[in-house]
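Open the model in your viewer and keep the selection tool at hand. The tour goes from a pocket to charged pairs and then to aromatic rings.

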Amino acid sequence: MATMNISLPDDMKAFIEAEAERQGFGTVSEYMRALIRESQAKAARRKQVDALLLEGLDSGPATPFTAEDWDSIHRTLAERHATRQGKTHAAKKADGR
């Protein structure tokens, strides 16, 4: 594993040490690695979203939504909601609650 040294003002060093302890990390290095992994994951998600946005832009001209499109979306959502409500109520009845 490679080593990297950084210089920080005293208040930042104290903050990082306190955060590492508060969040249950054994060392500041573990805490910093977790922050870097989080930043890497965020950058990867952003790259994926950017690619999807470009794909959408490159997919051709937009088509306007019609009243039928909105009705179909509303029906689908209502059906999903009803299904989930039925599962929730059935689970409660099975538990006796």
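Begin with the residues that line the largest pocket: 9 are nonpolar, 3 polar and 3 charged. Bear in mind throughout that the model is predicted.

**The largest pocket**

The space in this pocket comes to about 550 Å³. Its lining has 15 residues, and those closest to the pocket centre are Met4, Ile6, Val28, Ser29 and Met32. Select these five, then colour helix H1 (10–22) and helix H2 (28–58), each of which gives at least two residues to the lining. H2 supplies the largest share, with 5 residues.

Next, show charged side chains. How many salt bridges does a search of the whole structure find? The search finds 3.

Select lysine 13 and glutamate 17 to see one of them, with the closest N and O atoms 2.7 Å apart. Both residues belong to helix H1 and are 4 residues apart, about one turn of the helix. Glutamate 17 is partly exposed, at 36% relative accessible area, and lysine 13 is partly exposed too, at 43%.

Glutamate 19 has 14%, which is under the 20% limit, so glutamate 19 counts as buried.

Move to helix H2 and select arginine 46 and aspartate 50. Their closest N and O atoms are 2.9 Å apart, in a salt bridge. Because the two are 4 residues apart in the helix, about one helical turn separates them. Aspartate 50 is partly exposed at 31%, as is arginine 46 at 48%.

**Aromatic pairs**

Last, show the aromatic rings; the whole structure has 2 aromatic pairs. Select phenylalanine 25 and tyrosine 31: the ring centres are 5.4 Å apart and the planes meet at 65 degrees, so this pair is edge-to-face. Tyrosine 31 is buried, at 6% relative accessibility, whereas phenylalanine 25 is partly exposed, at 26%.

Then select phenylalanine 65 and tryptophan 70, a tilted pair with 5.0 Å from centre to centre and 55 degrees between the planes. Tryptophan 70 is partly exposed, with 44% relative accessibility.

Key: Residues numbered from 1 in each chain as written. Predicted model: local features only at pLDDT ≥ 70, side-chain atom pairs only at ≥ 80, totals over all residues. Heavy atoms only, no water. Phe/Tyr/Trp six-rings, centres within 6.5 Å; stacked < 30°, edge-to-face > 60°. Buried < 20%, exposed > 50% of the residue type's maximum accessible area, 1.4 Å probe, protein only. 1 Å grid on protein atoms, 1.4 Å probe; cavity = no way out; pocket = protein on both sides within 12 Å on 5 of 7 lines; lining within 4 Å. Points joined across faces, edges and corners; volume = space filled by probe spheres on them. Nonpolar A, V, L, I, M, F, W, Y, C, P; charged D, E, K, R; others polar. Salt bridge = Lys/Arg side-chain N within 4 Å of Asp/Glu carboxyl O.
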